[in-house]
Amino acid sequence: MALATDAAVRTVALIGNPNTGKSTVFGALSGVQQRVGNYPGVTVEKKTGRMTIGERKWSLIDLPGTYSLAPRSPDEMVAVDVLLGRRADTPAPDVVLCVVDANNLERNLYLVSQVLELGRPMVVALTMTDVAESRGLAIDVERLAERLGVPVVPVQAHRRVGLDRLKSALATASERPRTVGESPFPAPFRDEVDRLAAAIAGPDGAEKAPLPRYLVERLLLDTSGYLEGHVAVHGRADLAGQLKDGRARLAEAGCPVPAVEAMARYGWAARALEGVVTRPRERRAGAGDRVDRVLTHRFFGTVAFVVLMALIFQSVFTWAVPAMDLIDAGVGWLAGLVEGSMAEGPLRSLIVDGVIAGVGGVIVFLPQIFILFFFLGILEDCGYLARAAYLMDRLMTRLGLSGKSFIPLLSSFACAIPGVMAARVIEDRRDRLTTILVAPLMSCSARLPVYTLLIAAFIPPAMLGGFVSLQAITMVGLYSIGVIAAAGVAWALKRTVFRGPTPPFVMELPPYKWPSPRVVLYRMLDRGWAFIRRAGTIIVAVSVVMWALLYYPRLPDEVEGRFEAERQALLHQAEQADDPKATQQIELELARIDARAEGLQNRRSLLGRAGRLIEPVVRPLGWDWRIGAAALASFPAREVVVATLGVIFDVGAEVGDEEGVSRLQSALRQAEWPDDRPLFNVPVALSIMVFFALCAQCVSTLAVIRRETNSWAWPTFSFAYMTALAYVGALLTYQIGMLIAA
Amino acid sequence: MVTTLADLSIGQSARVTAVEAGGDLGVRLLEMGLIPGTDVSLVGKAPLGDPLVYEFRGYRLSLRRAEAAVVAVERA
């Protein structure tokens, strides 16, 4: 194995079980110099960082947490390929840093034993030694290092303890090659591996790129067949047949595949740990155990769970609002500043209504993302997240999902963007994608302005049976439609596109510990920044396009001229009037003229014309072209539909406050078809609300889906199926509604 | 009669004799340390009786009832 030259940048790859604090170690080593990207073709995130040890620059790669290096899918193959230096886009690591939890040595050593076989220089970082101490465990670190044959460095990354020792251990380890120790496997297995390796290498012995011994082993052990199909072994006849024969021989020799691996490695781990770990005489029921007894208790556990979930939901739903309002105000101030300092024209409009509005539309999500990931960070770091998934699993399996989908879906009731991002914790690809695809159906907070506007305007404030408000029922009904649709879609997806064996639930419940503020803060900022970088660009781009569709074509000069003449006449009147009341009236009139001009511009714009074009399509929903155009215009964000309705119906875009809302409501009530029939009635209002309950009019969500799935296919599919669902839903609502009304 | 992990009651322990499942589940259980000879005890059950929480090798693992049922055990 080639040693690194003196001048080169050295690389260290981090690997370890989940819940060992590996990400904290990575963060502590690389500081702020971190980048997140994607490995092409898979959804695994590529986390890299930089650090300096002495004079030399180092590059760090954080691999996904795993219990075993046994790849059974493309996502799992990434880690193995990186460690073996088989990826063209990633340098082979000079050192592998294995992060091991001191409380769980036996199970962690399973992975360590696999990594030892890779033959790379290695260092073990022993974490959570403080928790171990509090549980009465004593660990002889020197003896452990001796047994493993690699340096073992205790670290407490969140307190920055042990990092210097770790860095020097890494530097030293990278200077010399490692001799691979004895294999933990019994002789019959080792012989079979030799046999298979020789068969693969072929008669001439020299393969261009010989398959690493570790992968030859894995070919024998992997009964799922993934590796067989993935590893191209050219020209060697009948790999499948050889594996079959080899496994048969092993079974006969008393080393059946795959059990032989677990037996061998855990046996080795037990021997390695003899005399290394001293447990207290009786198992101390730590504080963590007492807490767990309550939190997973049949009754109290459920109560605690409901309270915590309500807290999270409430925080994202309500507590984010002041911050969002602040951001809106800030963006508005900036827009006003630009408007005041530039001449009127396309450039100013582009900057103000396109770019600034677009950027504002991105930043406004940060409070919700930060708050959700703040709470999720606390729950995950303290260990409760696993308990939540455990408590919810039974319910979620009815939908074909698992308990791990619960929190992402719950968060989506506030906003699907952090909800989709939270779906990352779901390891199974099919479950994760299903959760991501149904999350936007949970009626998010952006749908509320639409619901409240239309319910207040068109649903009579009557009481059903004298005590339940019709309006409240409608609201609850709309939320339920989303949930029912989500359940249906999830069920359908799991039967068709994502059909397959139920993924195992097998989930570790890590011991409780105090969440580290550093870890929580880092995770929160990381998610927010990732959102801005990856989704932000798409959102701003769409904003600019929508701006153009509404801005062009401009009203012809003579039309503008007529509006201007009206304004001049009013201003002339204002000069002659003394009465403050009359001046106020004139200001109102001027505002109305502006609203009418804006409305005409909107209706004649490209988007307005698109609305006209699709009118035949939306007619069966009870909509006319103006409602259709407003629906089209809401593609960037659902709540835009309210302002667009305001503009199209000549009330102006400022319909956020109470007065504006009531003006809009009366404008809607008075709106008519060309043949003087009223445009809005209860079925029409309901069909609009049902459409918005189910539609995908939120480019930000689609952008996040694109980011999380690392492909354009899934956001496109999302948009397509949700639009179709929304259309059919609105259609049925209107048609059935009209039938009932008749 | 206790024959699989799913048959344990809270506080009871048993020793694994075999993992009777192939495929992904079987390998997962073995990787997590549920190999023949391991002592396992049942620590708790979720409100609806499923999933279950087991303790062995110094840590806790939750399994669905159907998953626990493939691990054959004997009372130690």
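In helix H20(A), residues A:Leu448, A:Tyr451, A:Thr452, A:Ile455 and A:Ala456 meet A:Gln471, A:Thr474, A:Met475, A:Leu478 and A:Tyr479 of helix H21(A), where contact means heavy atoms within 4.5 Å. These contact residues of H20(A) and H21(A) divide into seven nonpolar, three polar and no charged (Ala, Val, Leu, Ile, Met, Phe, Trp, Tyr, Cys and Pro count as nonpolar, Asp, Glu, Lys and Arg as charged, and the others, Gly among them, as polar). The model is predicted, with pLDDT of at least 70 needed for local features and 80 or more for side-chain atom pairs, while totals for chains, interfaces and linings use all residues. Residues are numbered from 1 along each chain as its sequence is written, chains are lettered from A and ligands numbered from 1 in the order in which they are written, and side-chain values use heavy atoms, without hydrogens and water.

Helices H20 (residues 448-458) and H21 (residues 470-495) of chain A pack at an angle of about 145 degrees, with their axes 10 Å apart; axes are lines fitted to C-alpha atoms, for helices over the stretch in contact, and angles run from 0 to 180 degrees between N-to-C directions. Helices (H or I, at least four residues) and strands (E, at least two) are DSSP runs, numbered from the N terminus.

The axes of H25 (residues 606-613) and H27 (residues 625-633) of chain A come within 8 Å and cross at roughly 125 degrees. H25(A) and H27(A) are therefore oblique to each other (under 35 degrees is roughly parallel, over 145 roughly antiparallel, 65 to 115 roughly perpendicular and the rest oblique). Their contact has six nonpolar, two polar and one charged residues, among them A:Leu607 in H25(A) and A:Trp625 in H27(A).
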